[in-house]
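Let's take a walk through this structure together, one piece at a time. Have the sequence and the 3D view open as you read.

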Number of protein chains: 2
Amino acid sequence: MQVKPTSKSANPGSSEDASGLRMTRQRQEVYRVLLAQRDHPTANDVFMRVKDGLPHISLATVYNCLEVLVEHRLVRQVNFEREPSRYCPNLEEHCHFHDQHTGVIHDVKFKPGVRLGDVLDLPNGAVIEDVEINLRGQLSLA
Amino acid sequence: MQVKPTSKSANPGSSEDASGLRMTRQRQEVYRVLLAQRDHPTANDVFMRVKDGLPHISLATVYNCLEVLVEHRLVRQVNFEREPSRYCPNLEEHCHFHDQHTGVIHDVKFKPGVRLGDVLDLPNGAVIEDVEINLRGQLSLA
DNA sequence: GAATCAATTTAGAATAATTCTTGCTATTGG
DNA sequence: CCAATAGCAAGAATTATTCTAAATTGATTC
């Protein structure tokens, strides 16, 4: 029934940011919350924080927003074992160290110049799309 | 009702193996299945395979056995994203490459002499208890 | 401004891997 | 043999996440 040309109805120009993502109020808030407190919160943590600014937001929406932000590579999803996913706005190549004493997750950078292929005996022709390195241990004071 | 046919029922004489684990028939079967087909099966995969030899085993028991084997470090638990856990009897230090084209998970060894501390900018005083490295990508034929 | 129309949000239901509970059986040490 | 402990089975419970369906939004075109 639509006689519409619909040429660009789906995704109007000025509503998207550089990564092609429509920045709705909810997505903004979710993203803002992640940037504001970089402690690798879970979806539920984010939910609780976002409610300050958007009291009517639903948990499903938080999940949707996080999913979209991850897809658009503005945010990384961090999984430790089978614990609830955590979210990290640090886009630098880095990995995660879970201090099991404090529960804190630290970002850990690679030393400069390190390349995976130098370190791992990768199968021939392997094209790596994604790397996830998770460490568990503790920070001894000694 | 039965007056105790102890001698050969389920668990012959020496009950524990080197790792202090009581090797029941169920744990044996679970472990055997993991060793027999090293394709990183899920708990449910293991369940189905074990049923050949032990038709009455329950899924809960498979989970229990896997948990115990992991605790005793005879088996490693492998988690990719939030997918069901997989189990790996390869005890060598290694990591995992998930070929998203075939779904196969390959074991990947470190190149000889590589140490984490050489590669990562670890926090001062970090004692690493466990390392998990997961790669995703594909094996290009070219 | 009104109509349009896909994208988005929402609330709640559904899903599914895993864990827990309970009762029972087997095994071990005394 | 007996008591104590460990392990097993079946099914219920848990829980992070996803799905569904209906309502809303908002950019664009008329």
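What follows goes from the overall fold to the contact between the chains, and then to a few individual residues.

Please keep in mind that this is a predicted model, and that every value below is computed from it.

Let's begin with chain A. Its secondary structure consists of four helices and five strands, and these run along the sequence in the order α-α-α-β-β-β-β-α-β. Of the 142 residues in the chain, 32% are buried. If you look at contacts between residues at least 6 apart in sequence, 47% of them join residues at least 24 apart. The chain exposes about 8,600 Å², and carbon and sulfur atoms supply 50% of that area.

Now turn to the place where chain A and chain B touch. The size of an interface is often given as the accessible area lost when the parts come together. Here, the area buried between chain A and chain B is about 3,400 Å², with carbon and sulfur atoms giving 52% of it. Each side brings a list of residues to the contact: 39 from chain A and 39 from chain B. Across this interface there are 21 residue pairs in polar contact, counting pairs with both residues at pLDDT 80 or more. On the chain A side, strand 3, strand 4 (105-109), helix 4 (116-119) and strand 5 (126-139) each supply at least two residues. Strand 5 of chain A gives the largest share of that side, with 14 residues. By type, the chain A residues that touch chain B divide into 18 nonpolar, ten polar and eleven charged.

Charge pairing deserves a paragraph of its own. Side chains of opposite charge can pair when their charged atoms come close. The whole structure holds eight salt bridges over all chains, and two salt bridges are found across the interface of chain A and chain B. One salt bridge is between B:R136 and A:D130, whose closest N and O atoms are 3.2 Å apart. B:R136 lies in strand 5 (residues 126-139) of chain B and A:D130 in strand 5 of chain A, so this pair joins two chains.

A:E81 is partly exposed, at 25% relative accessible area.

A:E29 is buried, with a relative accessible area of 11%, whereas A:R32 is partly exposed at 44%.

In chain B, B:E29 also lies in helix 1 (residues 25-36) of its chain, and B:E29 is buried, with a relative accessible area of 11%. Not counting residues up to four places away in sequence, B:E29 touches B:V50, B:G53 and B:L54. B:E29 and B:L54 are 25 residues apart in sequence, yet their C-alpha atoms are 7.9 Å apart in space.

Let's finish with two histidines. A:H98 belongs to strand 3 (residues 94-99) of chain A and is buried, with a relative accessible area of 13%. Its side chain reaches the backbone oxygen of A:G103 at 3.5 Å. Beyond its neighbours within four places in sequence, the contacts of A:H98 include A:F80, A:E83, A:L135 and A:R136.

B:H96 is found in strand 3 (residues 94-99) of chain B. Is B:H96 buried or exposed? B:H96 is buried, with a relative accessible area of 1%. The side chain of B:H96 makes polar contacts with the side chain of B:H94 at 3.0 Å and with that of B:D107 at 3.2 Å. Setting aside neighbours within four places in sequence, B:H96 is in contact with residues including B:H40, B:R76, B:C88 and B:N134. B:H40 is 56 residues from B:H96 along the chain, and their C-alpha atoms are separated by 10.0 Å.

Definitions and conventions: Residues numbered from 1 in each chain as written. Chains lettered and ligands numbered in written order. Predicted model: local features only at pLDDT ≥ 70, side-chain atom pairs only at ≥ 80, totals over all residues. Heavy atoms only, no water. Buried < 20%, exposed > 50% of the residue type's maximum accessible area, 1.4 Å probe, protein only. Polar contact = N/O pair within 3.5 Å; in protein donor to acceptor, adjacent residues only side chain to side chain. Contact = heavy atoms within 4.5 Å. Areas by Shrake-Rupley, 256 points an atom, 1.4 Å probe, with all protein chains shown as cover. Buried area = accessible area lost by both parts, 1.4 Å probe. Salt bridge = Lys/Arg side-chain N within 4 Å of Asp/Glu carboxyl O. Nonpolar A, V, L, I, M, F, W, Y, C, P; charged D, E, K, R; others polar.
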